[in-house]
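Here's a quick tour for anyone opening this one up for the first time. Have a look at the model, then read on.

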Amino acid sequence: MNNASFTAPLIRGAAIQKAGKPWTVRFLGKEAPSSQSAVRIVIDTDDEKTAAEIVHKAFDTVKEGGKNAIPAIVEAVYKEENAFFITAPDMSSLKAAESGTAASWPIDNAEPAKTGNAVCPSCRADVVKNKVALVTGGAQGFGEEIVRGLINQGAVVCIADLNIEGAEKLASTLNTEQGKEVAFAVKVNVADEESVREMVETIALTAGGLDLCVSNAGVLRASSILEQDIASFRFVTDINYTAFAIVSKHCANLMKRQNAACPSWTSDIIQINSKSGLEGSNKNGAYAGGKFGSIGLVESFALELVSYGIKVNAVCPGNFFDGPLWSDPEKGLFVQYLKTGKVPGAKTVQDVKAFYEAKVPMNRGCSGPDVLKAVLYLVEQVYETGQALPVTGGQVMLH
Ligand SMILES: NC(=O)c1ccc[n+]([C@@H]2O[C@H](COP(=O)([O-])OP(=O)(O)OC[C@H]3O[C@@H](n4cnc5c(N)ncnc54)[C@H](O)[C@@H]3O)[C@@H](O)[C@H]2O)c1
């Protein structure tokens, strides 16, 4: 682990504790910025709790205009290596701190961060405001919808995808649309632990920590068990099941360090599962098996990680008929099913779509906003963990 990614979440957690709201911390490098002096913190322990106390003590010495304040520039010395960080209440204020306009941020409300951590606890609209979120597989489909939704709600989002061109293009479009930095792209293969470790390190160095991990990347290769190539079964299981564990492992470690400095701060790991994680899927066993298994992981991780303020839940959407998986005009499932005659009597793509829509009591497919609402609910609801929340228009009901 890069030494700066050990100290960044401790600094962010201490700032959140002091401010009672999300905070942004960015690694500047090993050289002091010329603009202003830094608050120096020497961390001479590997123990996260003890290290967090050292950071709190240093923060307690910072005052501005008679008020408690959070330093804008921090120099952390850990394992004899120094690292400079810039801190600000949100991404857009980082520049003010870097240019020397703000030496420290006075805190008006000295109340410590509350459990529930909504900026406005009674108001779902603010539940992710200025928080740091990760969406894997965020370049397209449900992932893109969740990225856009979280950004509209005020979050800063790391768009992580194997398709880095798509992720970068989306991040740049959203930054331009919003007129400020709201997204950054990272290349990741969620099935490769080293790649996931690097992704989480980039998040720690860019934003200081993580409040919400949406583990969304997933793949589907449907096949009869009588014929399925086992390499393809393993591929689906690797990404839909094992990769969820890899992503949870590295994100939870970052969240745990942040929580050491702010124990009342909760964070969330949410897997985008599927209705096929709740009931079997004909000739689609690898997919359904990986999704069912992931619910076992959700429950088990939830039991363990609750001690660190980390909730772990799943959202189980129904079919996203308007997304690329179903509607892509060349490779989409509607075109494939029309060509293979899977839907008897269907003459057009619309006929195939209508056939599948009729299976849903609410007579339509699941949409991005449907899934986003479920994600925001799970973040807002601090008294729930280890659950799988169906969003299927009534197609799958809990037994
Ligand atoms: N589309 C549906 O009807 C539907 C229904 C229920 C659940 N889901 C679930 O929603 C999630 C998203 O599905 P979608 O249909 O939007 O997918 P999609 O195929 O449209 O997009 C998936 C994204 O994940 C990325 N990705 C794939 N493998 C990756 C890897 N190894 N590492 C990093 N990124 C990777 C792809 O590049 C792509 O951008 C999946 O977990 C899926 O199981 C989808």
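What follows covers the ligand, the shell around it and one serine.

This is a predicted model, so to speak a calculated one: local features need pLDDT of at least 70, side-chain atom pairs count only at pLDDT 80 or more, and totals for chains, interfaces and linings use all residues. Residues are numbered from 1 along each chain as its sequence is written, and side-chain values use heavy atoms, with hydrogens and water left out.

**Who sits around the ligand**
- The ligand has 27 residues around it, and Gln140, Asp161, Asn216, Tyr287 and Phe320 come nearest (near means a heavy atom within 4 Å).
- Sorted by class, that shell holds 14 nonpolar, 11 polar and 2 charged residues; here Ala, Val, Leu, Ile, Met, Phe, Trp, Tyr, Cys and Pro are nonpolar, Asp, Glu, Lys and Arg are charged, and the others, Gly among them, are polar.
- Helices H4 (141-152), H8 (285-305) and H9 (324-327) each give the shell at least two residues, and H9 has the largest share with 3 (helices are DSSP runs of H or I, at least four residues, numbered from the N terminus).

- A ligand oxygen is 2.7 Å from a polar backbone atom of Asn216, while a ligand nitrogen is 3.1 Å from one of Val190.
- The protein covers 90% of the 840 Å² of accessible area that the ligand has on its own (Shrake-Rupley method, 1.4 Å probe).

**A look at Ser195**
- Ser195 belongs to helix H6 (residues 193-207).
- Ser195 counts as buried because its relative accessible area is 14%, and buried means under 20%.

Notes: A polar contact is a pair of N or O atoms within 3.5 Å; within protein, one must be able to donate a hydrogen and the other to accept it, and residues adjacent in sequence count only if both atoms are side-chain atoms. Buried means under 20% relative accessible area, exposed over 50%, partly exposed in between (1.4 Å probe, protein chains only).
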